[in-house]
Amino acid sequence: MKATISGFLLGAMACVAFPARAEVQLTAAGATFPYPMYSKWFNEYHRLHPDIQINYQSIGSGGGIKQVTEGTVDFGASDGPMTEKQNAEFTVKRATKILHFPTVLGADVPTYNLPGITAELNFTPEALAGIFLGKITKWTDPELTKNNPGVKLPDQDLVVVHRSDGSGTTYVWVDYLSKVSAEWKSKVGLGTSVNWPVGLGSKGNEGLSGQIRQTPYSIGYVELIYAVQNKLSYGRVKNAAGKFVKADLASVTAAAAAKSMPDDFRVSITNPSGAAAYPISSFTWLLIPSKFDDPAKAKTVREFLKWMLREGQKMTTPLTYAPLPAAVVSKEEKAISLIQP
Amino acid sequence: MSGGETATMAPGLDGGAAKPSLMQRLRTGDAIARAVVQSAAGAVVLITLLVVFELYTGSSLSRARFGWRFIVTQTWDPVAGEFGALPFIYGTVVTSIVAIAIAIPQGIGSAVFLAELAPRRLSDFLTFLIELLAAVPSVLYGLLGIFVLVPFLQAHVVPLLQHVLGFLPIFKGRFYGVSYFSAGIVLSIMIVPFIVSVSREVLLAVPTEQREAALAVGASRWQTTYKVVWPNAARGILGSVFLALARALGETMAVTMVIGNTPRVNTSLLAPGYSIAAVIANEFTEATGDLYVSALIELGLVLFAVTFIVNGLARLLIVATTIQAGAVA
Amino acid sequence: MISFEARKKAGNLMMFTLTGFCAVTTIGVLLLILGYLVWHGAAALSWSFFTRLPAPVGEPGGGMANAIVGTGKILLLASCIGMPIGFLGGVYVAELAGKGSASVIRYVADLLNGVPSIVIGIVVYTLVVRRMHHFSALAGGIALGIMMIPIAVRSTEEFLRAVPTSLREGGLALGRPRWRVIASVVIPAALGGIMSGIMLNIARVAGETAPLLFTSLNNQFWSPGWNQPSAALPVMIFTYAISPYEDWHQQAWAAGFVLLMMVLVVNIGARLVLTRGRFVPRG
């Protein structure tokens, strides 16, 4: 008993007296979509600056918004910009403004598991809205067959899979559906968490792609990179110009180019004009308070953003993320000075 | 035999000698010791009250907004701000019932075997192994659930089940792997060790004289167990069932990985569902908006109320057992 | 007409097979679980698993060194909180409390035991994380410590009550103060059981994920001290298991295996201590 107690005490002292290095440690949390990119960035940045640790945890866009509003993390990340209400809530709770900084571009793709079918399917906005509203229930529905003439779709029920946790990936998806389907907009609406009419819920991009993998005849939505990394089949989507476009770096960048960027960087680029644009694209943002209590933290964030906008952007394409357009980069660089002190 | 009633005659503390003064008691250290352990016990009560208090105040927005409607509403709509607990309460109860329905025969049967029939050394060893099951983290159960159990059910069990019993409403509909059924089975494996361990202890506690008396008049082992041991141990075993049930009600991780996370009430066990603990785990960190958070905390309060009731029943039963066993001995 | 003897034998046989079947199934499931873990987990166990930090998504060669240390730290803090309160509370209930307060405290401890771990996580989030404005290993330790209290209370009380009154009376008859008797006679007699209860407590709490998600969050770096988010094995298992990366899946199994081995060692330790000649009367 005595030995155990002494052992405990020694261990405790060791943990406390661990030589704390003179480091800047930041905690950030939020979006799962850019997690592969962020984990690479923060890892690389730590390699370049060993005294700086930015710990990013992907708990979901909604989580990022909430925790940065509560002040339990230094900054957040989200695939969907904060709403007016959330902005106001932040200002009330933290007595400062929240700044949005786009980091990369990504896309949501409709991913499916059809045993034996290797062809890429075409999806119209009506098809996607119908499937997720629960009105289209079979793979042989005319809305699907008429746009996929060469493919023998199986006479099976569709199994819809969606996210069970609040997420920006969901936000982008339902943002698109709200734009292309009035019924979706009125019945379900827009948010990081919605009341899904049909489907199974999975946790995270990771959980969802796992569920799709395990469930034949299922359809869901994931970020492009997850579909690519997980080798899931994903389809083409018809854009506003009437063309079926597959999500890739070029089509996503085309979508970003179609809209001008407002000063607060909060913009939705789903369903844009442009023949080459992929219609379910989105920026993803870092949510950074404009005032930090700790000047060292503010400085670190500014430095990181500068690095991210130059060096970090070069690392995006190998990971299947589209870099920011040049105009956006220069606009952001000017906005960095808003972070104080 | 509780400490309170051992009226031990310590010098200076019994009724015979003169009542010791405060200073005398302080010097012997008894008062200090008493104060220390009393405050520890007080801390236990305080912490529990704190938990209840936090749940109560945290859910005030939601309780004010929805009232008792909360328990019967089926909608869970964060966008519209409409929250109802029914699908989660339903899922929690259903998965726990499935778990108990499997774990009771499994657990009691094993306990009887280990207490009555197996040789003592083997019984101890096997019990040790079974108790190890209780220590496996729930995350691993979830992992095994999605990687092993669900494919197994999909490939072998459910087709057979639907073939034989498919006419029952509880086994109707498409099976996607994640479901109340899968969650219930995973839960049953997790709670069986509690039933086995406690039941075995209770069975062993039945005095040997009782068994020997029965055997002496010519009863078989089976008859002895059935007619003599069982009645004595029944209440304690039932108590263990309630305790296992309490654990099943609150289990989070394993459930959220195999239940399908669909907030809908469905009569079929093969359909995906949701439970209170699972939805809190999924949505709490990202719930923005005070009403949303409050609704989730109210779910926690509801779950606490359910476990409160279950624990109360368990306590009564175990107390009754102790009295009876005491009377018998 | 089947003879009485034959029916007895048949009844015995049926009982034996039925209950034996139950026991075999239960044990079988356990062996399956252990086997699966060993099979998948052992493959991913390597030196880097124990020494390296997690690698970014997609890069192989990462490890869980910080999670192993993090689990150790958080459990240590949890024990320092939960064990003293639970142990002393158990002493009070077993030795000093009147019948009334004893049952009240017992009931409350059972209540606290029945509180789902996730609810404890939320409460500690509200009380500690929100107030401190950051996630921390401290909050994680507090959450797990609270979970340890009820089991410590109950197991301490059970084993103290099992000590025969004669021992107590012997000590008191020698003229020592009450607390002395408890401390130097009763508790050592029950020590084996109490220790075993404590170790089982640690084992149970070691695998809890939900409360940690809201309190210690997670960390891909080392987190010295108590004031930062900290990695822990159960959280890593959870994160890696639901990911789509094969490399991470393997690491999740390995982490599960390591966690189970830790629990097994604690369990065996508890048994060894318990059966090492201590007098714990079997009821």
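## Confidence in the model

The pLDDT of a residue is the predictor's confidence in it, on a scale from 0 to 100. This structure is a predicted model, in which local features need pLDDT of at least 70 and side-chain atom pairs count only at pLDDT 80 or more, while totals for chains, interfaces and linings use all residues. Residues are numbered from 1 along each chain as its sequence is written, and chains are lettered from A and ligands numbered from 1 in the order in which they are written.

For chain B the mean pLDDT is 80, and 86% of the residues of this chain reach 70 or more.

## The make-up of chain B

Chain B has 13 helices and 2 strands, where helices (H or I, at least four residues) and strands (E, at least two) are DSSP runs, numbered from the N terminus. Of the 329 residues of chain B, 53% count as buried; a residue is buried if 20 or more other C-beta atoms lie within 10 Å of its own, exposed if 12 or fewer, and partly exposed in between, with the C-beta atoms placed from the backbone. Among contacts in chain B between residues at least 6 apart in sequence, 77% join residues at least 24 apart.

## Strands in chain A

Strand E1 (residues 24-30) of chain A is mostly covered, with 6 of its 7 residues buried. E1(A) pairs in the parallel sense with strand E2 (residues 52-57) of chain A over 6 bridges, and two strands pair if DSSP finds at least two bridges between them. Between E1(A) and E2(A) the chain passes through helix H2 (residues 35-48) of chain A, in a β-α-β crossover that is right-handed, as the path from the first strand over the helix to the second runs clockwise with the strands pointing away from the viewer.

A:Val24 stands opposite A:Ile52 in E2(A). E1(A) also runs parallel to strand E3 (residues 75-78) of chain A, joined to it by 3 bridges, and A:Ala29 stands opposite A:Gly76 in E3(A).

## Backbone details

The peptide bond from A:Gln340 to A:Pro341 is cis, with omega near 5°, and A:Pro341 lies in the segment after helix H13 (326-335) of chain A.

A:Phe265, a residue other than glycine, has a positive phi, near 65°, and lies in the loop between helix H11 (249-257) and strand E12 (281-289) of chain A. A:Phe265 counts as partly exposed because it has 18 C-beta neighbours inside 10 Å. B:Asn261 is not a glycine either, yet has a positive phi of about 50°, and its place is in the loop between helix H11 (253-258) and helix H12 (276-283) of chain B. B:Asn261 has 30 C-beta neighbours inside 10 Å and therefore counts as buried.

## Where chain C touches chain B

The contact takes 80 residues from chain C and 79 residues from chain B. On the side of chain C, the largest share, 17 residues, comes from helix H1 (residues 4-44) of chain C.

Terms used
Two residues are in contact if their C-beta atoms, placed from the backbone, lie within 7 Å.
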